[in-house]
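The sequence and the structure are shown first, and the description follows.

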Amino acid sequence: MRVARRAACREALPMDAAEHDERLAAGFAAGDERCMEAVYRRWRPLVHALAQRSLGDEREAEDVTQQVFLAAWRGRHGYRPGPGGLGAWLTGITRHKVADALEARTRRARAAAAAARVAPAPDSAWGAPRPVAEQAVDRLVVLGELARLPSAQQRVLRLAFYGDLTQVQIADRTGLPLGTVKSHMRRALHQLRRTLPEAAPALR
């Protein structure tokens, strides 16, 4: 059966378009990497067009397109054929990823606006903002994302960054094993670095 599915993804025999899509979807759901590549080629233009139309930004649209197919591959076991088939399923994932991108854009805009309200006046000689303005944006964005982490990870990071405590001191303060503190720190930093590339300097 596995061999048959692989063959279906490779073959270029004339067949009904709906039947071809069904075979691709079946192989994709079964974890056939060749079918994954075929699915990407088949539906990437649709996903990218939806993202581009909603976001109006080529870089963001490309990022969302990659996120959609990554999420689809990871969640392939949850795919169930329905009206519209795999294309409709991918369209649904695209809508969710676009909504996430728009929400992230809104958070960044709010952080920038908040930083502008508290930033010092620009240098008189050049009219350029002082570096502290960018630092303020990073700090506000990081604080916003920090609030989205699990409470245990939040506590550890706050003690490290804002309490200026070492991991050993955090373990003493919280009563957590040192290994647990290190684990919380590692996972939290990984999450923040993944979701906040624009604020990476604040996380180093």
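## Handedness and the α3–α4 pair

A crossing of two helices is called left-handed if the near helix is turned anticlockwise from the far one by less than a right angle, and right-handed if it is turned clockwise. By this definition, α3 passes α4 in a right-handed crossing. The model described here is a predicted one.

The axes of α3 and α4 are 8 Å apart, and the two helices pack at an angle of about 140°. That angle makes α3 oblique to α4. On the α3 side the contact includes Met36, Val39, Tyr40, Trp43 and Val47, and on the α4 side it includes Ala61, Val64, Val68, Phe69 and Trp73. By class, 12 residues of this contact are nonpolar, four are polar and five are charged.

## Overall make-up

The protein chain has nine helices and zero strands. The chain holds 204 residues, of which 34% count as buried.

Among contacts in the chain with a separation of 6 or more, 53% are between residues 24 or more positions apart.

## The α2–α3 pair

Helix α2 covers residues 17-29 and helix α3 covers residues 33-55. Their axes come within 8 Å and cross at roughly 135°, and α2 and α3 are therefore oblique to each other. The crossing in which α2 passes α3 is left-handed.

From α2, Asp21, Leu24, Gly27 and Phe28 take part in the contact, and they meet Cys35, Met36, Ala38, Val39, Arg42 and Trp43 of α3. The residues of this contact comprise seven nonpolar, one polar and two charged.

Glutamate 37 also belongs to helix α3. Its relative accessible area is 48%, so glutamate 37 is partly exposed. Between glutamate 37 and leucine 24 there are 9.7 Å from C-alpha to C-alpha, and the two are 13 residues apart in sequence.

In soluble globular proteins, nonpolar side chains tend to be buried together. The largest nonpolar core of this model has 22 residues, and those that touch the most other members are Phe28, Val39, Trp43, Val64, Phe69, Leu86 and Leu90. At least two residues of this core come from each of α2, α3, α4 (58-74) and α5 (85-118). The most is given by α3, with seven residues.

What does phenylalanine 69 touch, not counting residues up to four places away in sequence? The residues are Met36, Val39, Tyr40, Trp43, Arg44, Val47 and Leu90.

## Glutamine 153

Glutamine 153 is placed in helix α7, which spans residues 151-161. Is this residue, glutamine 153, buried or exposed? Its relative accessibility is 11%, and because buried means under 20%, glutamine 153 counts as buried.

Leaving aside neighbours within four places in sequence, glutamine 153 is in contact with His184, Arg187 and Ala188.

Technical notes: Residues are numbered from 1 along each chain as its sequence is written. This is a predicted model: local features need pLDDT of at least 70, side-chain atom pairs count only at pLDDT 80 or more; totals for chains, interfaces and linings use all residues. Side-chain values use heavy atoms; hydrogens and water are left out. Axes are lines fitted to C-alpha atoms, for helices over the stretch in contact, and angles run from 0 to 180 degrees between N-to-C directions. Helices (H or I, at least four residues) and strands (E, at least two) are DSSP runs, numbered from the N terminus. Angles under 35 degrees count as roughly parallel, over 145 as roughly antiparallel, 65 to 115 as roughly perpendicular and the rest as oblique. Contact means heavy atoms within 4.5 Å. Ala, Val, Leu, Ile, Met, Phe, Trp, Tyr, Cys and Pro count as nonpolar, Asp, Glu, Lys and Arg as charged, and the others, Gly among them, as polar. Buried means under 20% relative accessible area, exposed over 50%, partly exposed in between (1.4 Å probe, protein chains only). A nonpolar core is a set of buried Ala, Val, Leu, Ile, Met, Phe, Trp, Tyr and Cys residues joined through side-chain atoms within 4.5 Å.
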